[in-house]
Amino acid sequence: MTSQVSSPAEQADEAGEALVGGQRAPESAGTGGKEIRRLDRVIIRFAGDSGDGMQLTGDRFTSETASFGNDLSTLPNFPAEIRAPAGTLPGVSSFQLHFADHDILTPGDAPNVLVAMNPAALRANIADVPRGAEIIVNTDEFTKRPMAKVGYETSPLEDGSLEAYNLHPVPLTTLTIEALKDFGLSRKEAERSKNMFALGLLSWMYHRPTEGTEAFLRAKFAKKPQIAEANVAAFRAGWNFGETTEDFAVSYEVAPASQAFPTGTYRNISGNLALSYGLIAAGRQADLPVYLGSYPITPASDILHELSKHKNFGVRTFQAEDEIAGIGAALGAAFGGALAVTTTSGPGVALKSETIGLAVSLELPLLIIDIQRGGPSTGLPTKTEQADLLQAMYGRNGEAPVPIVAPRTPADCFDAALDAARIALTYRTPVFLLSDGYLANGSEPWRIPELDRLPDLRVQFAGGPNHELADGTEVFWPYKRDPQTLARPWAVPGTPGLEHRIGGIEKQDGTGNISYDPANHDFMVRTRQAKVDGIEVPDVEVDDPAEARTLVLGWGSTYGPITAAVRRLRASGRSIAQAHLRHINPFPRNLGEVLKRYDKVVVPEMNLGQLATLIRAKYLVDAHSYNQVNGMPFKAEQLAAALEEAIDA
Amino acid sequence: MPETNELLQLVPKAEAKQSMKDFKSDQEVRWCPGCGDYAVLAAVQGFMPDLGLAKENIVFISGIGCSSRFPYYMNTYGMHSIHGRAPSIATGLATSRRDLSVWVVTGDGDALSIGGNHLIHALRRNVNLKILLFNNRIYGLTKGQYSPTSELGKITKSTPMGSLDAPFNPVSLAIGAEASFVARTVDSDRKHLTSVLRAAADHPGTALVEIYQNCNIFNDGAFEVLKDKDQAQEAVIRLEHGQPIVFGAEGSKGVVRDSLTGDLKVVAVTEDNKSQILVHDAHAPSPTTAFALSRLADADTLHHTPIGVLRSVERPVYDTKMAEQLDLAVEQHGKGDLAALLAGNDNWTVVG
């Protein structure tokens, strides 16, 4: 759970020593059979070839862990290629999972356990694994050619290079084939279940419940019962292998994180799923049909897929011919009175920018969901980055302000979607929601909200004339604004008497007719800006228990790593204040005052300092950037070191 | 095609009798004096009362270009959008609001150059849109560059030595893009224009109407041969469904199929070949003959230009299918239950 900035658990969580490979064991308890050790948290990384099913394996382990009641955070990491050449470094796919008996914030810096399905997976991941950690390798793949392919001249399993680790060589492929020999499957078919064998082994090691995975396999392969049963058998064989073989002398327990979770019903959820549900919820709360116009793009496509499943909520999804048509259709639906959404990633935003400008001019509600990925250009499609902030802020011709909302954790994507919808509907404006690849694919437990606590987003369409001319005639002026919000009326086609024309050419204030008048243009530009500047957003909260002199300011998905780093620093006796922005345009009203309270402001971002640029420009604050653009989220330990350096500088 | 278009029945009817005046907005029309757009505007405003739809349920959406100012002059709902994108915006509106009659007004640059992709995809999807493509074979608003329908070798400001681009034939393009309704008409022929608009309005699905339109400033007389009374008789082939394709003085010429190539050709009508004259079948399932007709005109002289409805066939309409899927989803899974969706199948409860 990542929602409580100042919970008692924060003192303990991730505050600990720089992670070493050994799993921290508060106490040990022997049992009749094998030894069982209790741990407070574990980080496991499954790594294999793209075709080895590592994402599925990770997902299943996550589900088991979630239903067991641990807090957790995940980091899937996979190549952009659908099937890179087998056994190569670019083809390695991994899934990291951090789970604990208390509140945690990140998928963890370094794994305590690495499962390497082949030499490439070992090679690609070993640098992240601290000495003393456990490494489970599939020895069947450590033959001459696969090893040579990734540059191992001698076997790392035999040449002593892994001496510092707790190595478990397991012939996963052979054992799986042996376990499935009565199923009448070809060797190749049987081999495919080796990920389930590995999952079974790990499930035994960490006392995970198994019913969920067995039910999942039977449902997934409902049409191929033979394959379903083979997978279940491989899964059970892996479990039994752990229980019987002497190589695995110890298993571990991580107790449920009962303290970390407030009362409620929970589920595990990824950012893209939470975002999709947030959009459906926003449609319900606004009593408007949701219309998604989209074009497939990594890492946003999951939202298109998810919303397409929920047509019984009245959700329309339109897969357009390109990014431009995706947002075009959404804007057309917005004109017609729908809760309109387009989903994309950075390159798609670039293509949509002209239509976003039109939406600014038309002043219609529209959600633009940008699941940021590495850029520029095609960049790193499956990796995370926060480098679209300035594109969202400024990437249009003319003065075209667009509000920006950023979720901080996977589960928070749900609330962020509702908040973005609130702003779009209340102020009749396009709104950017900036998620990213890390939030999109990462997951965590989510306290399922009660429906009666969701915000009321209902809007009033214009129903009749709103202006009286000098001669007393009642007329409808499409650009006559609400004095409070500066929003213009939303008059949808089909409303008698309100026929009107809108467009991208500058409009006369009030009437909305074409106007080239210089003074009117100046007024309209300033009014559109004032409308966005005046959007109600909550004050930014500062977490500063010890009157620190340095403030760390973040936005978006860096929340987890920054908070974990702050906990570490505080645990080591350093004081630092933390604030995290959900709203970047407009900034919270109190942000300037907050920034001026501190001697130093540090802004960690997964870009080259985009928020820092905005902060410096707006508040004349000497904000320091700490940047990382390697496609991965910050690691708490490194970030803590960087923040400490900033405090001492 | 059925007598009444079922989709048109979804659009509310006007309560009172309408006149052309009801469809004129209060905005001053600002096209160049003598522009062909005036004639099209008058024809559309004049025809709308015949359609008898509630004007608040009619929406005109345009892109950028001279013709795209059109919505400002219609007293309906309207949007003057951005260059080339009108079909996509109209698609969003039409697919989310089946109670609206949605019209797209576009030009040869807007529809075929910058917006070519949206046009072909709207046509293949068969969204319930009526697209009026004003083709003047020139860029007017940017003051006289060649367009995607300009003839090869055209001298313009951007092609002082002649254009190197082979032009599109919009009707051929539309048929190739799986259009279910394709027609061509001429700005100055009010009666013909109106009849084509009527047929387009009645069509369930995307209707593309190419309107040859004169730009008297930058490409004056581009279609003169089709308008000049003396020349038009030889140049224009008026297509009517179910009628033999004949033209010229007293129907002296006709269109027959070349038995060797399968292509169409123009012949002088004689007693011997009279029976071989092609009878126009706009509803033919195969687009082959409509396509051949669209290629009949001589690219240089415009002689043998067919006008009228070249193709009008019924096939599934995107918006209808989309609505049916929504209904089916409710039928299969019940109306969406948000609490159940959020709870999912795999949750756990923490008791305080």
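This is a predicted model: local features need pLDDT of at least 70, side-chain atom pairs count only at pLDDT 80 or more; totals for chains, interfaces and linings use all residues.
Pro299(A) belongs to the loop between strand 11 and helix 11.

In chain A, seven strands make up an open sheet with mixed pairing, and their order is 12-11-13-14-16-15-24. Its edges are strand 12 (316-319) and strand 24 (583-585), each of which pairs on one side only. Helix 11 (residues 301-308) of chain A packs on this sheet and touches strand 11 (290-294), strand 12, strand 13 and strand 14. The direction of helix 11 makes about 135° with that of strand 12.

Within the sheet, I would draw your attention to one pair of strands. Strand 13 (residues 339-344) and strand 14 (residues 366-372) of chain A run parallel and are joined by four bridges. Thr344(A) has Asp370(A) of strand 14 as its bridge partner.

As for the division of chain A, the domain assignment lists domain 1 (11-170), domain 2 (172-194 + 209-248), domain 3 (266-448), domain 4 (460-536) and domain 5 (542-648). Between the C-alpha centres of domain 1 and domain 5 of chain A there are 30 Å.

I turn now to the place where the two chains meet. Here 58 residues of chain A are in contact with 53 residues of chain B. On the side of chain A, the elements that give two or more residues include helix 2 (54-68), strand 10 (264-270), helix 13 (346-362) and strand 20 (501-503). Which element of chain A gives the most to this side? That is helix 12 of chain A, with nine residues. By residue type, the side of chain A that touches chain B divides into 27 nonpolar, 22 polar and nine charged residues.

The chains are also linked through strands. Strand 20 of chain A and strand 2 (residues 77-80) of chain B run parallel, with three bridges between them. In this pairing, the bridge partner of Gly503(A) is His80(B) of strand 2.

Let us consider chain B as a whole. Its secondary structure comes to 11 helices and 12 strands. Chain B has a radius of gyration of 23 Å, close to the 20 Å that the globule rule gives for 352 residues, so it is as compact as a globular protein of that length. Along the principal axes, the C-alpha atoms of chain B fill a box of roughly 95 × 50 × 45 Å. Of its 352 residues, 46% count as buried. Among contacts in chain B between residues at least 6 apart in sequence, 67% join residues at least 24 apart.

I close with two residues that have a positive phi without being glycine. Asp287(A), in the loop between helix 10 and strand 11 of chain A, has phi near 55°. His304(B), in the loop between helix 9 (288-294) and strand 11 (305-312) of chain B, has phi of about 65°. Are these residues buried or exposed? Asp287(A) counts as exposed because it has 11 C-beta neighbours inside 10 Å, whereas His304(B) is buried, with 21 other C-beta atoms within 10 Å.

Technical notes
Residues are numbered from 1 along each chain as its sequence is written. Chains are lettered from A and ligands numbered from 1 in the order in which they are written. Two strands pair if DSSP finds at least two bridges between them. Two residues are in contact if their C-beta atoms, placed from the backbone, lie within 7 Å. Axes are lines fitted to C-alpha atoms, for helices over the stretch in contact, and angles run from 0 to 180 degrees between N-to-C directions. Ala, Val, Leu, Ile, Met, Phe, Trp, Tyr, Cys and Pro count as nonpolar, Asp, Glu, Lys and Arg as charged, and the others, Gly among them, as polar. Domain bounds come from an automatic or database domain assignment. The radius of gyration is taken over C-alpha atoms; the globule rule is 2.2 Å times the number of residues to the power 0.38. A residue is buried if 20 or more other C-beta atoms lie within 10 Å of its own, exposed if 12 or fewer, and partly exposed in between; C-beta atoms are placed from the backbone.
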